[in-house]
Amino acid sequence: MDAISNIANAFIGLFSAGGETFVGWVTGIIPTVICLMTAVNALIGIIGVERVERFCQKITKYTILRYTLLPILADIFLTNPSQYTFGRFVKEEHKAAFYDASVSFCHPITGLFPHANAGELFVYTGIAAGIQQLGLSTGGLAVRYFIVGVIVILIRGILCERIFAALSGKKSA
Amino acid sequence: MYKTITIKAGSGGWGGPLTITPTETCNKVLSVTGGGIHPVAQAIADMTGAEVVDGFKTTLPDDQIIVAVVDCGGTARCGVYPKKGIYTVNVEPVGKAGPLAKYITPEIYVSAVKESDIVVSDYKGNAAGSPASAKAAEPAKQPGAPKTKEQAKREIAEANAGKQENIVVRIGKVVGRFVNIFFQAGRDTMEMVIGTILPFMAFTATLLGIISASGLGNVIANTISPICSTLPGMVIIAFICGIPILSPVLGPGAVIAQVVGTLLGAEFALGHIPPQYALPALFAIDAQVGCDFVPVGLSLGEAEPETIEYGVPAVLFERLITGPLAVLIAFAFSIGMY
């Protein structure tokens, strides 16, 4: 009898550990995310996607902006996966690079703007939750994740543009 | 002769596109918007040749209404007309909401519509008239000149006469719009939380619970943690995640990156990995981001097939370099944190 109840306890234990984790996330992560997402969603509603589109069409000709500001705005205002539709504003030979920059930013953005990729929060949140449990602030981590993200997408964009040019040039020659 | 138009959802809108054709008996555009006839209702009337009616002044039998234009923030009006089987155009960005939400379907309802979202259509497959008027006798289309613009304008001026918007109405409208936007933002957020975030939390928490309670966590702590607490280890992880054969497999839904992120988070919490490795870890586990999605993402950006053909290998090979590079940059930026 004892053996059976021990097994039962161990079995329930597997899930009560999960339950504790779940409650921790729901109370620790969800409330802030809800308010932040509501505010940003409302701001997007007030500014309007059309205005952002007009602005974005103007900045595509500058290499640096094309792989920094453009994907950032696309991520913030259209969110994953609609953000890639801004690819239509850039030239054919830059589309792959823009996609790469924009998709590579869809996790670094979640530290500060969780609404932009709410379905994939846990890349950042998973690690940040661990840091939080150590009693350390995650604000600095979120900001640095964002900044390094911007640097990385710029490098990815430029490099991808070069590789694309090399590949398509070699095949057509 | 009435013209066919197509109305699509505007930015932030939902539903549609609706393709409508007025008939001899079903030819009224009902504008149920405060403060006179709405420009969208007017535009629909102008383009189809139908007649626009101010719903606050006149009532009409349902089977004469080809389309109702409403400015509803998601409570009643946006559901009332769909329930009656009348095509409904909402100028506010409201989706399936309110007590009558179940009647609001993309076949009969479209929202956030502006004048620019209405186009003359040559689509012939739609049924003429509104569903509500379908039970009326088969309407015989007879050629008849639509009203000229001048005529229409005069009628509108008459309809709007004595209804010049005063300052109170205008302020009310601005406040109403502001509240609507926030309310809808809240609705979108809750939908996201309930539909996506909570289910993922349930899945990951259960997985994590099993891993930690079953002792599997110790295995991970002893094998993976030492690799993740060194810079070369991180670089190697990023390199592996970036290998062009593996990266598209590891990518989908970022599920693997998220699960690994959560597992590493637990190791950070236990002190097995020093916190200054958090930033490089974020990039190490994510070198494959979006590698599964390149063709779809490119076609969303309206890329030519040839662009996709060269774009996919360009992205995949470039990750092999930038994946580890990102870890190094992140490591440099971690200096001074924690």
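**Figure 1. Helices H5(A) and H6(A) are oblique to each other in this predicted model.** Here we look at H5 (residues 69-78) and H6 (residues 95-104) of chain A, which pack at an angle of about 55 degrees with axes 9 Å apart. Axes are lines fitted to C-alpha atoms, for helices over the stretch in contact, and angles run from 0 to 180 degrees between N-to-C directions. Angles under 35 degrees count as roughly parallel, over 145 as roughly antiparallel, 65 to 115 as roughly perpendicular, and the rest as oblique. On the H5(A) side, A:Leu70, A:Pro71, A:Ala74 and A:Asp75 meet A:Phe98, A:Ala101 and A:Ser102 of H6(A). Sorted by type, the residues of this contact come out as 5 nonpolar, 1 polar and 1 charged. Ala, Val, Leu, Ile, Met, Phe, Trp, Tyr, Cys and Pro count as nonpolar, Asp, Glu, Lys and Arg as charged, and the others, Gly among them, as polar. Contact means heavy atoms within 4.5 Å.

A quick note on the model: it is predicted, local features need pLDDT of at least 70, side-chain atom pairs count only at pLDDT 80 or more, and totals for chains, interfaces and linings use all residues. Residues are numbered from 1 along each chain as its sequence is written, chains are lettered from A and ligands numbered from 1 in the order in which they are written, and side-chain values use heavy atoms, with hydrogens and water left out.

**Figure 2. H1 of chain A crosses H4 of chain B.** The axes of H1(A) (residues 2-28) and H4(B) (residues 167-213) come within 7 Å and cross at roughly 135 degrees. That makes the pair oblique, and the crossing is right-handed. From H1(A), the residues taking part are A:Gly13, A:Leu14, A:Phe15, A:Ala17, A:Gly18, A:Thr21, A:Phe22, A:Trp25 and A:Val26. Their partners in H4(B) include B:Leu198, B:Met201, B:Ala205, B:Leu208, B:Ile210 and B:Ala213. The tally for this contact is 13 nonpolar, 7 polar and no charged residues.

**Figure 3. B:Leu264 is buried and touches both chains.** This leucine sits in helix H8 (residues 255-269) of chain B; helices (H or I, at least four residues) and strands (E, at least two) are DSSP runs, numbered from the N terminus. Its relative accessible area is 4%, so B:Leu264 counts as buried. Buried means under 20% relative accessible area, exposed over 50%, and partly exposed in between (1.4 Å probe, protein chains only). Setting aside neighbours within four places in sequence, B:Leu264 is in contact with A:Ile127 from chain A, plus B:Ile224, B:Cys228, B:Ile273, B:Ala281 and B:Ile285. B:Ala221 is 43 residues from B:Leu264 in sequence, with 9.0 Å between their C-alpha atoms.

**Figure 4. B:Ser111 is buried in strand E7 of chain B.** E7 covers residues 109-111, and B:Ser111 has a relative accessible area of 0%. A polar atom of the B:Ser111 side chain lies 2.9 Å from the backbone oxygen of B:Val94. Not counting residues up to four places away in sequence, B:Ser111 also touches B:Ala9, B:Gly10, B:Gly13, B:Trp14, B:Asn90, B:Glu92 and B:Pro93.

**Figure 5. B:Glu92 and B:Ala112 are in contact.** B:Glu92 lies in the loop between strand E6 (87-90) and E7 of chain B, and at 10% relative accessibility B:Glu92 is buried. Beyond its neighbours within four places, B:Glu92 is in contact with residues including B:Asp71, B:Cys72, B:Ser111, B:Arg177 and B:Asn180. B:Ala112 is in the loop between E7 and strand E8 (118-120), and B:Ala112 is buried too, at 5%. Phi of B:Ala112 is near 60 degrees, a positive value in a residue that isn't glycine.

**Figure 6. B:Ile240 is partly exposed in H6 of chain B.** H6(B) spans residues 231-242, and B:Ile240 has 41% relative accessibility. B:Gln288 is 48 residues away along the chain, yet the two C-alpha atoms are separated by 9.1 Å.

Note on methods: A polar contact is a pair of N or O atoms within 3.5 Å; within protein, one must be able to donate a hydrogen and the other to accept it, and residues adjacent in sequence count only if both atoms are side-chain atoms. A crossing is left-handed if the near helix is turned anticlockwise from the far one by less than a right angle, and right-handed if clockwise.
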